Amino acid sequence: MNLQDIPKLKHTQSNNFFLLCGPCAIEGEEMALRIAEKVVNITNKLEIPYIFKGSFKKANRSRVDSFTGIGDEKALKILKKVSETFDVPTVTDIHEISDAALAAQYVDVLQIPAFLVRQTDLVVAAAETGKVVNLKKGQFMSPEAMKHAVQKVKDSGNNKAWITDRGTMFGYQDMIVDFRGIPTMRQYAPTILDVTHSLQQPNQSTGVTGGRPNMIETIARAGIVNNVDGLFIETHFDPANAKSDGANMLHLDNLEKLLINLVAIRKTINAL
């Protein structure tokens, strides 16, 4: 598929990687607009095609008392307001079949969470909306296995599938990124590297996921060097108090310098 197929996506001729970036979850309108404004300004300056990311609800939680959202319709309307305010496309993840048609009314890209990417009915429901479907590679799956998830989208009459690598389980409480998987998955679909989730340390005894945000630039640089089509980065102006995944998010103040460095690396790679 072509990036030009996504409404409102800018800088598609810049030969840059594209970026899915925003908070883990929509916590409210003010925070979403604040983060979007900052990222839009940075990506316009650097000519990076940008899609605002925010989960309208979080279903994969470690504990029953974990934050799951502010209400489905309320969060989806905030995503639509971000899109209309800043003239950018948006992406959110879905967890149930009924979520697909609902979320498709508000966003441009539907994301299938890594834990659910083997759920055929969910993938088909997303594909049948006609939206771009971003398939997150299961932490338990090989890169080669993702061709079957892509094929499910295609068999549903939709050729707009992406794959996102978010690391592979390495023991009980750590993730690794196997960069050998990037060229493999790029044979099947445009491939994105989820930098921040790849640095999670899941299944902690407390029920709250840990992370290694100090390694974000290391992983992102390696992804660009290995020709990923896009990057996925969760960011927040106050990660310590974010309601979801704060332990592995990038502080919003650090995003611009990171992207400046990554664009420079991309230019070098493009020249080789």
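Which residue stands opposite F232 in strand 12? L20 does. This is a predicted model, in which local features need pLDDT of at least 70 and side-chain atom pairs count only at pLDDT 80 or more, while totals for chains, interfaces and linings use all residues. Residues are numbered from 1 along each chain as its sequence is written, and side-chain values use heavy atoms, with hydrogens and water left out.

Strand 12 covers residues 230–236. Strands here are DSSP runs of E with at least two residues, numbered from the N terminus.

Strand 12 is joined to the strands in the table below. Two strands pair if DSSP finds at least two bridges between them.

| Partner of strand 12 | Bridges | Direction |
|---|---|---|
| Strand 1 (residues 18–22) | 5 bridges | parallel |
| Strand 9 (residues 191–194) | 3 bridges | parallel |
| Strand 13 (residues 250–251) | 2 bridges | parallel |

F232 also has D194 standing opposite. At H236, the bridge partner in strand 13 is H251.

Definitions and conventions: Buried < 20%, exposed > 50% of the residue type's maximum accessible area, 1.4 Å probe, protein only. Helix = DSSP H or I, 4+ residues; strand = E, 2+ residues; numbered from the N terminus.
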